[in-house]
Amino acid sequence: DRELFDYPWIYMVEPGRLSLSDEEVAILRKYLLNGGFLMADDFWNELQWANFYRQMKRVFPEREPAELPMSHPIFHGVFELDGPKNKLQVPNKWQAMQSQYDGVTWECADCREVHIRAILDDKGRIMVIATHNTDNGDGWEREGEDDYFFKHFSENISFPLGINIIFYAMTH
C-alpha cells in the first residue's frame, strides 16, 4: 500500500501462512530499513514459525531473528515484565476459559514454549518483533468479554507487553 510509509508501526496477525510477493518483499525491506517497525503475533507451532522465518529471510537474507532475553529493554519499558517468558503466553479466549481448570494456555502440543524473537538493524534497533506461540491480539480485542480473561491475560500480559513494544518502537 502506498500509505505504508505513513505508519511507523504495523501489526501482522496470524503470519504463519504469510506469502509475500517479490514486490512486497522489496517494499517491506525498504520500510523496515527506513525506520518502520513490524510486530507479528498470533501464530502457533513450528510449522507456522518455519513459514514466517522463510518469508522474513526473503526480506532480510543477511539477518537472523534472535530470541530476546527477558533482560531486554522491551520487557522493562513502561511495565516491568519479569519471570519466565512462558508467563507471557496469551491463549485465545476459548482456550483461556479451559485454562481456569487445567492451566493449559497453549493451543497445540508443540506450542508450549513462548518465543519473542527480533530482527535487528545494523545499530541494534528492533525492526521486526515476532511473538510466537501466544496471541496478544486476543488480549487486546476480547478484554471485555470475560472477567477471568481480562484479569489474567489482557491486564497482566497483553496490555503491558503491547504498550512496552509500542513505547520501544516509538523511542528507538
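Here are my points, starting with the ground rules and then moving from the sheet to the helices.

1. Before anything else: this is a predicted model, where local features need pLDDT of at least 70 and side-chain atom pairs count only at pLDDT 80 or more, while totals for chains, interfaces and linings use all residues. Residues are numbered from 1 along each chain as its sequence is written, and side-chain values use heavy atoms, with hydrogens and water left out.

2. Start with the sheet. Five strands make an open sheet with mixed pairing, in the order S1-S2-S5-S4-S3. (Strands are DSSP runs of E with at least two residues, helices are runs of H or I with at least four, and both are numbered from the N terminus; two strands pair if DSSP finds at least two bridges between them.) Strand S1 (9-13) and strand S3 (66-67) are at the edges with a single partner strand each, so one side of each has no neighbour in the sheet.

3. Now the parallel pairs. S1 and S2 (residues 37-43) run parallel and are joined by five bridges; Ile10 has Leu38 in S2 as its bridge partner. S2 also pairs with S5 in the parallel sense, again over five bridges, and here Ala40 stands opposite Ala130 in S5.

4. S4 and S5 pair in the antiparallel sense over six bridges, with Arg117 opposite Ala130 in S5. Their hairpin has five residues between the strands, and Gly124 there takes a positive phi near 90°.

5. Is S5 covered or open? Helix H2 (residues 45-59) lies across S1, S2, strand S4 (115-120) and S5, and runs at about 165° to S5. That angle is between N-to-C directions, on a scale from 0 to 180 degrees, with axes fitted to C-alpha atoms, for helices over the stretch in contact.

6. Finally, H5 (residues 147-171). This helix has a kink of about 50° centred on Ser154, the bend being the angle between axes fitted to the seven residues ending there and the seven starting there. Ser154 is buried, as are others in H5 including Phe149, Phe153 and Tyr168. The buried residues of H5 pack against S1, S2, helix H3 (93-102), S4, S5 and helix H4 (136-141), where contact means heavy atoms within 4.5 Å.

Technical notes
Buried < 20%, exposed > 50% of the residue type's maximum accessible area, 1.4 Å probe, protein only.
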